[in-house]
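Keep the view open beside you as you read.

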Amino acid sequence: MPQITVGSQAPFEVARGSRLVNALEDHGIDILHRCGGNARCTTCRVEFQAGEPNTITKAESFKLAEAKLTGVRLACQITCEADMQLHPLMTLSDSGLPDPGPRPADSITPEPEWLERPL
């Protein structure tokens, strides 16, 4: 089972194939997902310290380019396949919003078209 480490918190195990945004929230990590995990809003962005996946969905690639974001990934478009160390960049506690957004589905939406991540 992959281990996820967030900042200086103790690592936690998640089921292989879990959607990262849900795995984080299910383990009490403060993260936004305002669009419900559909690669439309970029509020679930995370910064990796280690274990960044080598693949990216076409939807994530498009949204990051559109928003001119570099050095970050969208947690809603990542599955947990290996150990990862990361930091959520947008949190409910810092947002002033009433909730993080609708819970994302268990599988990636929109239907993923996988690309190799440019290095």
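In strand 6, L86 is the bridge partner of V6, and Q85 is the bridge partner of T5. Helices (H or I, at least four residues) and strands (E, at least two) are DSSP runs here, numbered from the N terminus. This is a predicted model, in which local features need pLDDT of at least 70 and side-chain atom pairs count only at pLDDT 80 or more, while totals for chains, interfaces and linings use all residues. Residues are numbered from 1 along each chain as its sequence is written, and side-chain values use heavy atoms, with hydrogens and water left out.

Strand 1 (residues 3-6) pairs with strand 6 in the parallel sense over 3 bridges; two strands pair if DSSP finds at least two bridges between them. One of the residues involved is A50, whose bridge partner in strand 6 is Q85.

Now look at the faces of that strand. In a regular strand the side chains alternate between the two faces of the sheet. In strand 6 (residues 84-88), M84, L86 and P88 make up the covered face, whereas Q85 and H87 make up the uncovered one.

How many helices and strands does the chain have? There are 3 helices and 7 strands, and from the N terminus on the elements run β-β-α-β-β-α-β-β-α-β. The radius of gyration of the chain, taken over C-alpha atoms, is 13 Å, close to the 14 Å that the globule rule (2.2 Å times the number of residues to the power 0.38) gives for 119 residues, so the chain is as compact as a globular protein of that length. Along its principal axes, the C-alpha trace spans about 30 × 30 × 25 Å.

Of the contacts with a separation of 6 or more, 70% are between residues 24 or more positions apart. As for burial, 41% of the 119 residues count as buried (under 20% relative accessible area, with exposed over 50% and partly exposed in between, using a 1.4 Å probe and protein chains only).

Finally, visit the loops. R103 lies in the loop between helix 3 (92-95) and strand 7 (114-116), and counts as partly exposed at 43% relative accessibility. Leaving aside residues up to four places away in sequence, R103 touches N22, E25, D26, H33 and G36. The C-alpha atoms of R103 and C35 are separated by 9.0 Å, although these residues are 68 apart along the chain. P110 lies in the loop between helix 3 and strand 7 as well, and a cis peptide bond with omega of about -5° joins T109 and P110.

Which residues other than glycine have a positive phi? A39 has a phi near 60°, and K68 has one of about 55°. A39 sits in the loop between helix 1 (20-26) and strand 3, and is buried at 9% relative accessibility. K68, in the loop between helix 2 (58-66) and strand 5, is exposed, with a relative accessible area of 71%.

Key. Contact means heavy atoms within 4.5 Å.
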